[in-house]
Amino acid sequence: MSDLFLPRVAVIDQRTQESSNIFTLRMQFEDSDAQETFSFSPGQFNMVTLFGVGEIAISIVNDPLDSHFFDHTIRIVGRVSEGLSKLKLGDHVGIRGPFGRGWPMQEAQGRDVLLVTGGLGCAPLVSVIRYLMNRRDQFGHINILQGVKHANDLIWREQYEKWIQEKDVKVLLAADVATQGWQGQQGMVTELIDQLSLRIGRIIALLCGPELMMMAAIANLRSLGLPDNQIWFSMERNMQCGMGQCGHCQIGPKLVCRDGPVFCYSELADFLGSKGF
Amino acid sequence: MAGFQVRTNPMQRYRQWLTHKLAGWQEQQGRIGCTGCGRCIAWCPVGIDLTEEAEAILWEGSLDV
């Protein structure tokens, strides 16, 4: 049996409260060999085990250059994530992974990158943003559009403010519900696309968020003339095994954990938004 | 996905069973998910005939349920 079935113990090094119900755990494998050989690409995920409770799929938010630790940003939604939120420094979790196919960083080389995220959909793409920022000369213009339901849901504000300082980087924020002092737009993140002067022929678009948001963004980008093979998005499904064995996460013929979670629009066009798939 | 159900009604789950076994399985595993033994037809408590249902999907079109 492959050792990918066996969780390896990781130790919590650091815990950051990002918002009232979102937190980030920084961890490293207890076994230093396991940590040294752990490598991943942006968009891949780990199966995180809370011993005695359960296992959930969580994306890795680091640049692969961070070799001494890895971070998981988690929202409290269920039994496991709530339990994880109560862990303290030095506590143990189990980690299997990394799994899945990440973002097409090779295809993105030399292109303008448009990132559209909704809610905590920003987590799988923060890995990409860090990757881009650390290799700024390999990519063209970078446009980051982040939408949240409520202005208070925005996390990583300082990071967005730092990224916006970089040359040829734009960050636009939108909140469905704005509060006093909100710096961004009020409305949907997909409306922000129209405010950009995009070089359509040079763009690759990377999307992550609720499916309805991604479908709206895809429709908008296609109407601007962006070809289907330059539109990529990360899907979320119930993942159990992480390696295409159990079938829980399938959409039509695709297994999200193994063939995705990142898909090119042309691969899933027939199934995206199709009810019951 | 926590707390979110992808296939909320029996019709969607029934469609998933049929199309996964006969179609999705082929791309995922390189072969069809049905061995053709006929036991599901012989013993189905509500009288579902897999072959009739597959034909209905083929000829009646849309998978949107």
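This is a predicted model: local features need pLDDT of at least 70, side-chain atom pairs count only at pLDDT 80 or more; totals for chains, interfaces and linings use all residues.
In what order do the elements of chain B run from the N terminus on? They run α-α-α, and the secondary structure of chain B comes to three helices and zero strands. Helices here are DSSP runs of H or I with at least four residues, strands are runs of E with at least two, and both are numbered from the N terminus. Of the 65 residues of chain B, 18% count as buried. Buried means under 20% relative accessible area, exposed means over 50%, and partly exposed lies in between, with a 1.4 Å probe and protein chains only.

Residues are numbered from 1 along each chain as its sequence is written, chains are lettered from A and ligands numbered from 1 in the order in which they are written, and side-chain values use heavy atoms, leaving out hydrogens and water.

Now let us turn to the sheet in chain A. Seven strands form an open sheet with mixed pairing, in the order 10-9-8-7-11-12-15. Strand 10 (185-186) and strand 15 (262-264) stand at the edges with a single partner strand each, so one side of each has no neighbour in the sheet. Two strands count as paired if DSSP finds at least two bridges between them.

Seven of the seven residues of strand 7 are buried.

Next come some backbone details. Most residues other than glycine have a negative phi, and most peptide bonds are trans. Against that background, A:W156 has a positive phi of about 65 degrees although it is not a glycine. A:W156 sits in the loop between strand 8 (142-150) and helix 5 (157-163) of chain A, and counts as buried at 7% relative accessibility. A:D168, also not a glycine, has a positive phi of about 55 degrees. A:D168 belongs to the loop between helix 5 and strand 9 (169-177) of chain A, and its relative accessible area of 36% makes it partly exposed.

Two peptide bonds deserve a look as well. The bond from A:G97 to A:P98 is cis, with omega near 5 degrees, and A:P98 is in strand 6 (residues 92-99) of chain A. A:G260 and A:P261 are also joined by a cis peptide bond, with omega about 5 degrees; A:P261 lies in the loop between helix 7 (256-259) and strand 15 of chain A.
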